[in-house]
Amino acid sequence: MGSFKTNQGKVSKGSESLTGSRLIFHSLFVLLLPLIIAWFGISVAGAAALVLLGLAWRWAITLSGILAPAKIPDLELETIAASHFVEKVRWCMDRLGLDYTERQVVGVLKVFFTGRTVPQLKIRTGMVRSTIGNSPEILRYLWATNVVELGEKADFLKPTGERLSLERKLDRYGVDLQVWVYYHILGDRKLTQHAWGCHSPSIPFWQRYVVVAIYPVLKALMIRAFKISDRHYAKAVANIENLLAETDQRLADGGDSILAGDTTNFTDFTFASLSALWLQPEKFANGRAAAVRVDRDRVSAAMRADIERWIDRYPNATGFINRLYETER
């Protein structure tokens, strides 16, 4: 397994685009409009005028985005800094050497208040901006748009049937890891807020304050969304350990890839990225997640016991992850 030099994207410093900021204020106006009308006893005609004002305001925002578009990058990756699915995409983009900007957000707010998940890749072509969500779809886009220009450099993204089958299995492992981590940390408010980016200057300040203010609500939503319970945790751990045991066996020959006979490819980076959620390699995100890093001595004894058991029980898999981070990241 030889080393491979990569570039890395730039992280924007906790800012929204001009259009995005205007939309936030407009959304607040819409939310507060019923209260304003009730509080001031505004007549039906006055209420209708306010509604028309809101519509005109929204149209003006759209028009400003067309006539005077904000200076936005051609490629922008919207992320949760600590996300293992984000790291999967981030790693592949870095390996391709793409020039992109990473915009970090508190993803839990995006999920529950806008219905959007991360990672999201935003592509600008002229005045048009398209968005692709979900890590597998983003990797397919990266392969399709770079294979001609980059040639062999993009071969690690080639979506063969065997690779796609393994990726689906690994992504299910990634979801089980989400259940595992939230089972352990949601009861520790300060730790969870730290992991979500409440102390990170790269996160928009208003998002950090909202998370702190409504944490009990977000915690309840996360428990419901991921079905966090003793039973579901036990099932997730069993699935995780089955995947780790299978992968450990595949890697017993010390090869360059989980897939025997294959070269190092996106499935290997996927496994390493997802597993970084529990192994926490030093080179995770190439330093772009330093503000949200959670050291092992900070987590609960039960969570630490799981991690230490996996390190001890699956040495081939653990060694492979560490080698990939050392030589390929």
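Which residues is Leu 77 in contact with, leaving aside its neighbours within four places in sequence? What we are looking at is a predicted model, in which local features need pLDDT of at least 70 and side-chain atom pairs count only at pLDDT 80 or more, while totals for chains, interfaces and linings use all residues. Residues are numbered from 1 along each chain as its sequence is written, and side-chain values use heavy atoms, with hydrogens and water left out.

Now to Leu 77, whose contacts, meaning heavy atoms within 4.5 Å, are Val 89, Arg 90, Met 93, Tyr 100, Thr 101, Glu 102, Arg 103, Pro 119, Gln 120 and Leu 121. Leu 77 lies in strand S2, residues 75-79, and here strands (E, at least two residues) and helices (H or I, at least four) are DSSP runs numbered from the N terminus. Leu 77 counts as buried because its relative accessible area is 0%; on this scale buried means under 20%, exposed over 50% and partly exposed in between, with a 1.4 Å probe and protein chains only. The C-alpha atoms of Leu 77 and Arg 103 are separated by 6.1 Å, although the two residues stand 26 apart along the chain.

Five strands form an open sheet in the order S1-S3-S2-S4-S5, with mixed pairing, where two strands pair if DSSP finds at least two bridges between them. The edge strands, each pairing on one side only, are S1 (10-11) and S5 (128-133). On one side S2 runs parallel to S3 (residues 101-104), joined by four bridges, and Glu 76 has Thr 101 as its bridge partner in S3. Helix H3 packs on the sheet, touching S2, S3 and S4 (120-125), and its direction makes about 155° with that of S2; helix H5 also packs on the sheet, touching S4 and S5, at about 125° to the direction of S5. For these angles, axes are lines fitted to C-alpha atoms, for helices over the stretch in contact, and the values run from 0 to 180 degrees between N-to-C directions.

S2 is also joined to S4 by four bridges, this time antiparallel, and Glu 76 stands opposite Lys 122 in S4. S4 and S5 run antiparallel too, with six bridges between them; Lys 122 stands opposite Thr 131 in S5, and Arg 124 opposite Arg 129. The hairpin of S4 and S5 has two residues between the strands, and there Gly 126 takes a positive phi near 65°.

That brings me to some backbone details. Most residues other than glycine have a negative phi, and most peptide bonds are trans. The peptide bond from Val 118 to Pro 119 is cis, with omega near 10°, and Pro 119 is found in the loop between H4 and S4. Lys 227, in the loop between H9 and helix H10 (230-250), has a positive phi of about 55° although it is not a glycine, and Lys 227 counts as exposed because its relative accessibility is 57%.

Finally, the second largest pocket, which holds about 1,000 Å³ of space. Of its 46 lining residues, the closest to the centre are Ile 80, Ser 83, His 84, Gln 178 and Tyr 182. A pocket, on a 1 Å grid over the protein atoms alone, is an open set of points where a 1.4 Å probe fits, with protein on both sides within 12 Å along at least five of seven lines, and lining residues have an atom within 4 Å of a point. The largest share of the lining, seven residues, comes from H6. By type, the lining divides into 32 nonpolar, nine polar and five charged residues, with Ala, Val, Leu, Ile, Met, Phe, Trp, Tyr, Cys and Pro counted as nonpolar, Asp, Glu, Lys and Arg as charged, and the others, Gly among them, as polar.

Gln 178 is found in helix H6 and is classed as buried because its relative accessible area is 19%. Beyond its neighbours within four places in sequence, Gln 178 is in contact with His 84, Phe 85, Phe 226 and Leu 277. Trp 180, also in H6, is buried at 0% relative accessibility, and its contacts beyond four places in sequence include Tyr 233, Leu 277, Trp 278 and Trp 310.

Definitions and conventions
Points joined across faces, edges and corners; volume = space filled by probe spheres on them.
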